Amino acid sequence: DYDPGVITSLREEHPMNEFTNNDYILCATFPQVFLFGNAYGCKAGLSPKMIRHLLLQFSTVPASNTELIFYLFDQQQRHANARGISNKVKANPTAFEEFAKMYKSKEFEDKMKKAALNPRSKEGKEVLARVQPVLRIAGRKTPFGAMDTASVRNHIYALSTHYKAAASFITFAPDDCNDARSFRVTVRSSSNTAFPAKATDADLDAMLKDEDILAEGDVKIPTHRYARRQRATDNPVAAALRYKSVVNDVLTILLGLVPEKKRKRTKMYMQQRRGLFGHLSAMLGVTETQTRGALHFHFVIFGSLSPDVLQKIASFQELCDKASTVLDQFYTAEFSRSRHIRDIVSRKLP
C-alpha cells in the first residue's frame, strides 16, 4: 500500500528512452534549470558544445546542480559505449552475429557459470578471451572509463621507449578556494559592468582581508575563507575551468610545452620553448581528486637532463660539474627566516 509519509521511487512498466525523449527527461527532472520547458530541443543526448553552454550560464544554477552534472557525465559515458558497440557491429556485422549466437548458446552459459565460481579456471580464461575484445572496443573511447585509465600505462611505456627514462615527476595542486577568478565564476552575474563580471582593486583587497564585497543592488557577498571554500565545493564547474587554465599556463609558460590541442605544428627539440627545466621533448600527466573534490595534477617530463644523459656523462668530471650546477638551478628549496627562527625557538625553549 502507498504510504504518503514514506519517500518512494515509482517506476513505470515502460521506461523512457533518452535517445528519443532526452529533451523531456531533462526538463521534467530539472525544472529549476530548464524553466521554459526546453532543453535545446535535442531528442538524443546533448553535444559537448551544448553542455558547455549550459554549465556556463550566468545564473550558475546548472553548474551548481551536482545531480545534473552527474547525469550529463553518466550519459556521455553510456552513449560513448553505445557508439563503440554500434561502430563495431557496422564494421563487421557477420562477426558480431556469430558472437551473439555464441553468447546466447547453452554451452557458453554453462561456461560463464563455471567461470563465475572460479575465474582462474579453464572456463574462466576462455570466457574472458571471448568477451574481452568486445569490451575493449566498446570502452576504448569512453571518457574516464576503465580502458581510458588503463591506456595511460601504455602511453608511459611508449614515451619511455622513445625518450628513455623521464627526467622528473612533478605534482601541483592549484588553490581553488583562494583563487580570485575561480571565486568570481561561482557568483551569479547580473551585468557586465559589476562584480563578478568586473572586479576592481577594492574588490580584490576585500577578498584578501576576508571582507564582504558590495555587488550591484547593494548585495553583500561574503568572501571569508569558509565562504570561498563552500562556493568552490558547490560549483565544481568554476573550479574545473580555473584548474584547466592553470594547467595550460604551467605547461606552456613555465615548462615551454604547448598542449597537443593547441599545437599547430610539430617542432624539433631545440625549437621548443625553453622552460624551467630547459628544453623538454614531451610530458604525460593525469588529473586526480582529493577528498574534498579539489583537483591536482601528476605528470612526468621527458628531455632536459634525463637519467640516461646523466648516466652517459658519469665518467667525465667536467660534465658532471656542469650538470650539477644545472640541476641545482632546476631544483631548489628554502625556508623563510621566520620559519627557521620559529623552529629554533620551539626546539630550544621548553
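Biologist: In which helix do Asp110 and Lys106 lie, and how many residues apart are they?

Modeller: Both lie in helix α5, which covers residues 106-117, and they are 4 residues apart, about one turn of the helix. Keep in mind that this is a predicted model.

Biologist: What do the side chains of Asp110 and Lys106 form?

Modeller: Asp110 and Lys106 form a salt bridge, with 2.9 Å between their closest N and O atoms. To read such a pair, check the atoms, then the place in the chain, then the exposure. Lys106 has 53% relative accessibility, so it counts as exposed. Asp110, at 30%, counts as partly exposed.

Biologist: How many salt bridges does the structure hold?

Modeller: There are 10 in the structure. One of them joins the side chains of Arg78 and Asp74, at 2.7 Å from N to O.

Biologist: How far apart are Arg78 and Asp74 along helix α3?

Modeller: They are 4 residues apart in helix α3, so about one helical turn separates them. Arg78 is partly exposed at 33% relative accessibility, and Asp74 is partly exposed at 24%. Salt bridges can also link up into a network, as Glu18, Asp74 and Arg78 do here.

Biologist: Which residue pairs with Lys111 in a salt bridge?

Modeller: Glu126 is the partner of Lys111, and their closest N and O atoms are 2.6 Å apart. Lys111 belongs to helix α5 and Glu126 to helix α6 (residues 122-139), so this pair ties together parts that are 15 residues apart in sequence.

Biologist: Is Lys111 buried or exposed?

Modeller: Lys111 is buried, since its relative accessible area is 18% and the cut-off for buried is under 20%. Glu126, at 27%, counts as partly exposed.

Biologist: Next, the cores. Where do nonpolar side chains tend to be in soluble globular proteins?

Modeller: They tend to be buried together. In this model, the largest nonpolar core has 17 residues. Those with the most contacts inside this core are Leu26, Phe30, Phe34, Leu46, Leu54, Leu68 and Leu72. Helices α1 (22-29), α2 (48-55) and α3 (66-91) each supply at least two residues of the core.

Biologist: Which residues does Leu26 touch, leaving out those up to four places away in sequence?

Modeller: Leu26 touches Phe34, Ala39, Leu46, Leu68, Tyr71 and Leu72. A second, separate core has 15 residues, among them Ala167, Tyr243, Leu257 and Ile301.

Biologist: Which residues make the nonpolar surface patch of about 210 Å²?

Modeller: Leu56, Val185 and Leu241 make that patch. Leu56 sits in the loop between α2 and α3. With a relative accessible area of 39%, Leu56 is partly exposed.

Biologist: What span should the 19 residues of helix α11 have?

Modeller: The general idea is to compare an expected span with the distance between the helix ends. At 1.5 Å a residue, helix α11 (residues 236-254) should span 27 Å, and its end C-alpha atoms are 26 Å apart, which agrees. The buried residues of α11 include Val237, Tyr243, Val247 and Leu251. After α11 comes Gly256, with a positive phi near 80 degrees.

Biologist: Which residues have a positive phi although they are not glycine?

Modeller: Tyr40 is one of them, with a phi of about 65 degrees, and Thr60 is another, with a phi of about 60 degrees. Tyr40 is in the loop between α1 and α2, while Thr60 is in the loop between α2 and α3. Tyr40 is partly exposed, with a relative accessible area of 31%, whereas Thr60 is buried at 11%.

Biologist: Which residues does the cis peptide bond join?

Modeller: The cis bond joins Phe195 and Pro196, and omega is about 10 degrees. Pro196 is in the loop between α8 (180-186) and α9 (201-208).

Biologist: To finish, where is the place of Cys320?

Modeller: Cys320 is in helix α13 (residues 317-330), and at 21% relative accessibility it counts as partly exposed. Leaving out residues up to four places away in sequence, Cys320 touches Ile313 and Ala314. Thr332 is 12 residues from Cys320 along the chain, and their C-alpha atoms are separated by 18 Å.

Terms used: Residues numbered from 1 in each chain as written. Predicted model: local features only at pLDDT ≥ 70, side-chain atom pairs only at ≥ 80, totals over all residues. Heavy atoms only, no water. Core = buried A, V, L, I, M, F, W, Y, C linked by side-chain atoms within 4.5 Å. Buried < 20%, exposed > 50% of the residue type's maximum accessible area, 1.4 Å probe, protein only. Contact = heavy atoms within 4.5 Å. Salt bridge = Lys/Arg side-chain N within 4 Å of Asp/Glu carboxyl O. Patch = residues over 30% accessible without salt bridge, like charges linked within 9 Å, V, L, I, M, F, W, Y side chains within 5 Å. Areas by Shrake-Rupley, 256 points an atom, 1.4 Å probe, with all protein chains shown as cover. Expected span 1.5 Å × (residues − 1).
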